[in-house]
Amino acid sequence: MQTKNIRNFSIIAHIDHGKSTIADRLIEYTGTLSKREMEAQVLDSMDLERERGITIKAQTVRLDYQGADGQMYELNLIDTPGHVDFTYEVSRSLAACEGALLVVDAAQGVEAQTLANVYMALENELEIIPVINKIDLPSAEPEMVKKEIEDVIGLDTSDAVMASAKSGIGIKEILDKVVEKVPSPAGDPEKPLKALIFDSNFDSYKGVIAHIRVIDGCIKPGMTLKMMATGKSFEVTDIGCFRPAPVIMPELYAGQVGFIAGSLKNVKDVRVGDTVTNAEAPAAEALPGYRGVNPMVYCGLYPIDSADYDNLKDALEKLQLNDAALMFEPETSTALGFGYRCGFLGLLHMDVIQERLEREYNLKLITTAPSVIYHVYKTNGEMIKIDNPSNLPPTTEIDHIDEPYVKATVIVPNDYVGAVMEISQEKRGEFKNMDYLDVNRVMITYYIPLNEIIYDYFDRLKSSTRGYASLDYELVDYRQSKLVKLDVLLNGEAVDALSTIVHIDRAAMRGRQLAAKLKGIIPQQMFEIPIQAAIGNKVIARETVRAMRKDVLAKCYGGDISRKRKLLEKQKEGKKRMKSVGSVEVPQEAFMAILKID
Amino acid sequence: MQIGLYVHIPFCRQKCFYCDFASAAGTVLLQQAYVKALCREIEQAGKQYAGESIHTVYIGGGTPTALPETLLQEILEKLQHSFVLSEVVEFTVEANPGTVTKEKLMLLKTLGVNRLSFGVQSFDDGLLKKIGRIHTSDDALAAIAEARAAGFSNISMDLMYGLPGQTMEMLQESVKTALSQKVEHISIYGLQIEEQTEFFRRQERGELDLPSDELVDAMYEYMTKALPAAGYGRYEISNFARDGFMSRHNMSYWQDKAYIGLGASAHSYYGNERFFNVAETSDYINRLMAGESPAEVEEESTRDILMEEFCFLALRTSQGIDTVAFLQKFGCGIDSVYGSKLSRLQKKGLIVQNQQYLNLTELGMKYGNVVFAEFILEK
């Protein structure tokens, strides 16, 4: 295949706008997989992904297509992760392409997330092909959506593809547009090798498999390659492409997309964004845009049954094989015992990992409330980074604390502008900008502490806009804030895992709300439990969980033991998810209570 | 082996509003048919367990004394003929104060019964009526006096608390009257609303004026202090007795001893197996008359189940779990099965260790179910 007949493209779409369905149809239409094979093998493979309708791992597939000119084309579809947490991964996937389909739901219009990705694609100088999907929905307004795309993004939509992936409408048009509009790769197979890693996965036989786009040069088995950022060298044993199952190929050359594998055992050696070159004849400089992984959100994960500690470690290690962004290190809590402090790209990433640990590894976990990274400047001039509130030094040693701020972009119908502003102000947001996307929809920009975003910002945004709001955020800077540590005492003992860092103006209210919330969550026990919220030595709120009523089975009717047993079994069922914290049994949800107040 | 014998009589004059046990009024004809079937089962069991030494007999219900004298006599004589009862140390019959007569009591005494258990529940007439009892406070006092006159020197009475409309004063008054009778044994039962009872239906309709949780707890505290203060030792969660008068038959339930249940819905524990008879009276009669076994098939007791039951049943008694007996029975120490749980329960002040025994503390008794549930093993 000549380079001029290669097209590399990805799909940009908001959750639910039909990205996966379009990808499935393209695979089907080009005959890459039959319909029957499709069912067994689809792009979003994890159960969790299918349930949530999001893509966590990007997947890639090569399609063969005979264009309108009668020539054969090699189309590489590079799927992108579909969530705000994976912005960097999206940017690397886009960097591997020359074009992108912008899929917009004909009934929903452009969303904040889509917008962020389109801007990223434009920065990467991708050719963008607008596709209006779901045009056969009764509520579809394709003309309005086209106008919106023109107004907001400034794209010409006169030849946008009208499609309905579900009904198979517009699939051929999409393929023809890709051939016609997306530029062929510009690389030179004769130059020193430069290939971009845009994803990786772990295979128990082959080790780490790097997903790459060859920019310049050529890769053949037996070559010794080098990662330019991590410095790792290795010998390539397998080369191939995805259709979507891996297929071995003799080589990959400039412009092509595929995978390489060799003596790579550690996923940390294969970093998304890194450049692969020939160890013997290296390229002069790496491709631009490499960035290390920086978790934004941290939380503690503790096994409910301390005997599961090693199982948790094993599970985290296994997940990390396929997820270089997941960080973890051992941590000890006086309340919860031994566990791990884990770093995530964002809240969704955290959610997904927790769910996989519980579902796939059958672990019962206690999760502490997420925290951001604070920069704590001590009076002795030292700056320490704190991602666990319980590690905050005593107030006397703190000069000041900086916290991360994000630029939050919210798109809503104009009826809800007031609600969005109210919530954002309440969350210590600083108003930045407001634009009309069309007569109905408004884009609002705020600078907000990330700490407030991870509390319940998005949930509240959704509930007060009847689900219409879409949100995107990116880190902007660190700013000094008046922050204090809010502690919780159960039965007189401080529970480190319940400590949080809050703004001083909200501390008193948060303390009261948290104590009240905990009162509702902690079940009655055999003694009275005082719940106190405190800042330093000052108790700012107090609630009491009263002792439970007596609980004995009195009569034993003529030796009927099975009846007693059944009652006891039921009783045991009811109290599975509890962790003993000192003398108090605390349900799992108590540790997330701070997120559910207001 | 010493075993206990339980005989069930599923008849009552009237069903109490809180009762979900196998019992019904029943016509004389049905009672006759039942006794015929029961006697058949007694005879078969007598052969089946011929080598066993019967240690205790307990006739319960329902209301055994609801049966006419002739039928009671038939059952008792059948027991005498089918089993060797010479080693029986305790022979109890449950009685409703509204169904005993001098003649019935004399008959029981003559046929070997040496202990009576009266379902008194309360000495407040208004309350008795409200819970569906057929007798008055005076009936109860008269029944106890007649039992004494008939020569019974071991009498128990049941008292209930937490009843609809019951106040602390009413309870204290009843306890005072009960103590004045100087019976040998007192059982206390907190009201539990079970499905398929009159009270359950009333509660569903919101028509049941149950005392508050706090009041019920206070009643419990009061009784568990007042009875020991009057010389009744608490030898089991709900049972109090003067020295030497604890119910040996009931203790066999808690102490992992074998017992054979005869009659509709009666439960047995024999050779590490638990099994029970069909609950419906008519089914029971039909099966026996057709020459079939009245026993229902129950899932086998696994080793785990046996260990769980050994523990949570023994904990009900003041003696507690005999850890040496546990080791002998199961061939492993109790620590190897429940180690971390035991130390947690001890730390919480729910159980204590006294030499080879593990007992509930006072707090542990109050929250018995919470402790017992800890002994249920993961499946």
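Start with A:V131. Leaving aside neighbours within four places in sequence, A:V131 is in contact with A:L101, A:L102, A:V103, A:A160, A:V161, A:A163 and A:I174. Contact here means that the C-beta atoms of two residues, placed from the backbone, lie within 7 Å.

Before going on, the conventions. This is a predicted model, where local features need pLDDT of at least 70 and side-chain atom pairs count only at pLDDT 80 or more, while totals for chains, interfaces and linings use all residues. Residues are numbered from 1 along each chain as its sequence is written, and chains are lettered from A and ligands numbered from 1 in the order in which they are written.

Back to A:V131. Together with A:A100, A:L101, A:L102 and A:V410, A:V131 touches the most other members of the largest nonpolar core, which has 167 residues. A nonpolar core is a set of buried Ala, Val, Leu, Ile, Met, Phe, Trp, Tyr and Cys residues joined through C-beta atoms within 7 Å. Buried is defined as 20 or more other C-beta atoms within 10 Å of the residue's own, exposed as 12 or fewer, and partly exposed as in between, with C-beta atoms placed from the backbone. Strand β22 of chain A, residues 398–413, gives the most to this core, namely seven residues. Strands (E, at least two residues) and helices (H or I, at least four) are DSSP runs, numbered from the N terminus. There is a second, separate core of 83 residues, and B:V7, B:V35, B:V120 and B:L262 are among them.

Next, the sheet in chain A. Its six strands form an open sheet in the order β2-β3-β1-β4-β5-β6, and the pairing is mixed. Two strands are taken to pair if DSSP finds at least two bridges between them. Which strands stand at the edges? They are β2 (60–66) and β6 (161–162) of chain A, each with a single partner strand, so one side of each has no neighbour in the sheet. β2(A) runs antiparallel to β3(A), residues 72–78, and seven bridges join them. In that pair, A:V61 stands opposite A:L77. Helix α1 of chain A, residues 19–29, packs on the sheet and touches β1 (6–13), β2, β3, β4 (99–105) and β5 (127–133) of chain A. The direction of this helix makes about 150° with that of β1(A); axes are lines fitted to C-alpha atoms, for helices over the stretch in contact, and angles run from 0 to 180 degrees between N-to-C directions.

Now chain B, strand β5, residues 155–161. Is this strand enclosed or open? Seven of its seven residues are buried, so β5(B) is largely enclosed by the rest of the structure. In a regular strand the side chains alternate between the two faces of the sheet. In β5(B), B:I155, B:M157, B:L159 and B:Y161 point one way, and B:S156, B:D158 and B:M160 the other. Strand β4(B), residues 115–121, runs parallel to β5(B), with five bridges between them, and B:G119 stands opposite B:D158. β5(B) also pairs with β6(B) in the parallel sense, over six bridges, where B:Y161 stands opposite B:G190. From β5(B) the chain crosses through helix α6(B), residues 168–180, to β6(B), and this β-α-β crossover is right-handed. Right-handed means that, with the strands pointing away from the viewer, the path from the first strand over the helix to the second runs clockwise.

Then the contact between the chains. Chain B gives 35 residues and chain A gives 22 residues. On the chain B side, α15(B) gives the most, with five residues. By class, that side has 19 nonpolar, nine polar and seven charged residues. The classes are Ala, Val, Leu, Ile, Met, Phe, Trp, Tyr, Cys and Pro as nonpolar, Asp, Glu, Lys and Arg as charged, and the others, Gly among them, as polar.

Last, backbone geometry. Most residues other than glycine have a negative phi, and most peptide bonds are trans. The bond from A:R243 to A:P244 is cis, with omega near -25°, and A:P244 is in the loop between β11 (233–242) and β12 (246–248) of chain A. B:G61 and B:G62 are also joined by a cis peptide bond, with omega about 25°. A:E125 has a positive phi, near 60°, and sits in the loop between α5 (112–123) and β5 of chain A. A:E125 counts as exposed, with 10 C-beta neighbours inside 10 Å. A:N362 has a positive phi of about 55° and is likewise exposed, with 10 other C-beta atoms within 10 Å.
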